[in-house]
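Reader: Hi! Could you take me through one part of this model closely, namely how its helices pack, and then connect that to the strands and the ligand shell?

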Amino acid sequence: MSEKLRTEEAADFAQRCRTFLSAHTGGGRSIEAARDFLGAAVDAGLGGIVYPQEFGGAGLTKEHDKIWRSEKSRFPLVDTEYIISHGMCLPVLNDFGTSEQKKQFMPSNITGEHMWCQMFSEPNAGSDVASLRTTAVLDGDEWIINGQKVWTTLAHRSHYGVLIARTNPEVPKHAGISMFIVDMAAPGVEIRPIHQIDGGQHFNEVFFTDVRIPKDWLLGEQNNGWNQATAMLMYERVAIGTAGSGDITRRNFDMLAKRARKNGRIADPVVRDELMTIYAMETCKSLVAMRTRAEMKAGKAPGPGGSLGKLSGSVISRRVRAVAQNIDGLGSIAWQFEGDAGQELTRHVLNSFQDGIAGGTDEIQRNIIGDRVLGLPRDISVDKGVPFNEIAGS
Ligand SMILES: Cc1cc2nc3c(=O)[nH]c(=O)nc-3n(C[C@H](O)[C@H](O)[C@H](O)COP(=O)(O)OP(=O)(O)OC[C@H]3O[C@@H](n4cnc5c(N)ncnc54)[C@H](O)[C@@H]3O)c2cc1C
């Protein structure tokens, strides 16, 4: 299909998206509501827009995807719980999966029937994830997995996960890693919840004890896992940095202004000044996100520019926390009961601490931007070229 849509085709498609979104975005932000939304999108020919029909997608163009995102950004967020499943695991399956893997795994991922999680981080391998110690050893027709992951978002709700594990300890750390598809219900997979500050339980520790997976669930090439993981992290930063932003959106500003109007603080000149700063920052972030999406639409692989969007989201989040505290005082860090009007703000304040960590910390984004966007000298690497099994503590 030609990439450039005629004006009337684009207008018709936008109208089709709007009609669908008006009818299907009222279900709230639960996983169940998201699954219903995604299933309905597939039925309407609007699910997995850019993915081939034979793998469960709509087989449309990136131009259609841009229109879809732009229209979607004007409606309430519904499918954010699928950000890892769709924003990270799906493109990686599409980029690196065999035809059989794509046929087997992509359709139920796209409909939301099967949720996917990302199993990269370990207790001693977060920013430096290439130091991971989980192992995968080939035994006949199966891989045997042993080790531990941590901070695995939604592992407890996921059917499958994308795992990276060490397949060769005798080469430098980046060179001996492979990527796998894991059935989260397989014997030997144990998922333990981590409880969060806001009372939620969104992520987990995941333990693997002699977990067996089929030989052909290796995703991509053996020992090429680091390159694939880097691609997935780029998708992750783009997904986080551009979430809900096919257009200029200012969701934090809207949330804060609503609260300030409600409790009368909107008349305070300092509050107004702070609100306008958030307004300007969110506008810039949307524009950066739109540029990143436009680059991807033009065929560029997601690059280190994705780190800009991710970092600015985190910087904004921290600032929003301070403004929320100024507007709402104690109300911004405590609430009394479900349905309390201040709850949206409170949850944001409590959860804002995650934004500078999840998907790579702010320091790591700054390193990437310094090194790969600005051309500054690289961060020091003390174990470059050293076989993994000769690194102290490995
Ligand atoms: C909400 C949330 C969801 C997550 N979901 C997932 C998930 O689904 N799957 C998954 O695999 N992981 C997930 N993570 C884990 C996340 O990727 C890691 O927490 C993150 O990469 C940081 O690793 P770490 O926690 O081990 O911190 P560390 O790497 O130990 O970092 C500690 C501190 O040292 C700093 N630091 C480290 N190295 C450098 C350096 N070279 N230069 C400058 N400073 C440095 C860091 O910036 C940080 O301040 C999630 C985390 C959060 C908060």
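Author: Happy to! Let's begin with handedness: a crossing is left-handed if the near helix is turned anticlockwise from the far one by less than a right angle, and right-handed if clockwise. Helices (H or I, at least four residues) and strands (E, at least two) are DSSP runs, numbered from the N terminus. This is a predicted model, in which local features need pLDDT of at least 70 and side-chain atom pairs count only at pLDDT 80 or more, while totals for chains, interfaces and linings use all residues. Residues are numbered from 1 along each chain as its sequence is written.

Two packed helices are described by the angle between their axes and the distance between the axes. Here the axes are lines fitted to C-alpha atoms, for helices over the stretch in contact, and angles run from 0 to 180 degrees between N-to-C directions. Angles under 35 degrees count as roughly parallel, over 145 as roughly antiparallel, 65 to 115 as roughly perpendicular and the rest as oblique.

Now to α8 (residues 269–297), which packs against α7 (residues 251–262) at about 160 degrees, with the axes 9 Å apart. That angle makes α7 roughly antiparallel to α8, and the crossing of this pair is left-handed. Helix α8 also packs with α9 (residues 306–328), at an angle of about 165 degrees and with axes 10 Å apart. These two are therefore roughly antiparallel as well, and α8 passes α9 in a left-handed crossing.

Elsewhere, the axes of α1 (residues 7–24) and α3 (residues 62–72) come within 9 Å and cross at roughly 40 degrees. That makes α1 oblique to α3, and their crossing is right-handed.

On to the strands, which pair if DSSP finds at least two bridges between them. Strand β7 (residues 203–214) pairs in the antiparallel sense with β3 over 10 bridges and with β6 (residues 189–194) over six bridges. Phe208 in β7 stands opposite Gly147 and is also the bridge partner of Val189.

Finally, the ligand: 21 residues surround it, and the closest are Phe120, Gly126, Ser127, Ala358 and Thr361; a residue is near a molecule if its C-beta atom, placed from the backbone, lies within 6 Å of it. The elements giving two or more residues to this shell are β1 (116–119), β3 (142–153) and α11 (362–373). Domain 2 (116–225) and domain 3 (248–373) each supply at least three shell residues, with domain bounds from an automatic or database assignment.
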